[in-house]
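I opened this notebook to record what I looked up in a structure that was new to me. The entries follow the order in which I consulted it.

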Amino acid sequence: EMSSPKDIGSDLTILAAPTYEHGVILEHWQPFLKAMKSLDLSRQAITVIGLGEPQYDDHYHIESANTLSAAIKASKGTLFCRALRVSGAVYSQLEGRVKKWAEEVAEKLLSCHSDRVPDQLGDERRNRFLSRLPTGFQK
C-alpha cells in the first residue's frame, strides 16, 4: 500500500521501488511522486532502494533509484546515504551488499542521534538496533 508523502518525517524514510521494462517505475507511484513536489525535504533523512532485472538495457537498469532520487532532489532533499541498487534476486544478496548497506545506514543514523544517548550506552543501543534487523541483516 502506498503511503502519502505527508507521512515522510520519521528518523529515516526509505523509498523503494522496482524498475520495469526499460526504466519504467510503476504508474501507481506517479501520484506519490507528484505530491512529493510540494514538500520541503531539506531537513529529512531519506534514501532510496532501486530494484531491477539485469535482462533490461544497462542504460535503464535500476532506473527507479534515479527516479526516486530525482524526486527527493526536486523536493529540496538530499540522500541521507547512498542509494541501494539491487540487480536481480534480492534474497541472494542479503548477506553481501544489502547487509553492508543496512549496516552503513544504521551506523549513520545512530551517529546522527548520538546526542540523545549517553556515550556509555552507544554500543548497547547500536547492538540492540542491529539485533532487531531481519535475520539476513544481523551480524
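Entry 1, terms and basis. I took buried to mean under 20% relative accessible area, exposed over 50%, and partly exposed in between, with a 1.4 Å probe and protein chains only. I noted that this is a predicted model, in which local features need pLDDT of at least 70 and side-chain atom pairs count only at pLDDT 80 or more, while totals for chains, interfaces and linings use all residues. Residues are numbered from 1 along each chain as its sequence is written, and side-chain values use heavy atoms, with hydrogens and water left out.

I recorded four helices and four strands in the protein chain; helices (H or I, at least four residues) and strands (E, at least two) are DSSP runs, numbered from the N terminus. Read from the N terminus on, the elements run β-β-α-β-α-β-α-α. The protein chain has 139 residues, of which 40% count as buried. I then looked up contacts, meaning heavy atoms within 4.5 Å. Among those in the protein chain with a separation of 6 or more, 72% come from residues 24 or more positions apart.

In what order do the four strands of the open sheet stand? I found β2-β1-β3-β4, with mixed pairing; two strands pair if DSSP finds at least two bridges between them. β2 (24-25) and β4 each have a single partner strand, so one side of each is left without a neighbour in the sheet. Strand β1 (residues 13-20) pairs with strand β3 (residues 46-52) in the parallel sense, over six bridges. Within this pairing, Ile14 stands opposite Thr47 in β3, and Ala17 has Gly50 as its bridge partner. β3 and β4 also run parallel, joined by four bridges; there, Gly52 has Ser87 in β4 as its bridge partner. I noted that β3 is largely enclosed by the rest of the structure, because six of its seven residues are buried.

α2 lies across β1, β2, β3 and β4, and runs at about 155 degrees to β3. α3 lies across β1, β3 and β4, and runs at about 165 degrees to β4.

Arg82 forms it with Glu104, the closest N and O atoms being 3.0 Å apart. The pair links distant parts of the chain, 22 residues apart: Arg82 is in the loop between α2 (63-74) and β4 (84-87), and Glu104 is in helix α3 (residues 94-112).

I found Lys108 over the face of Phe80, at 5.0 Å from the ring centre; the criterion is NZ of Lys or CZ of Arg within 6 Å of the ring centre and within 35 degrees of the ring normal.

Conventions. Salt bridge = Lys/Arg side-chain N within 4 Å of Asp/Glu carboxyl O. Axes fitted to C-alpha atoms, helices over the stretch in contact; angles between N-to-C directions.
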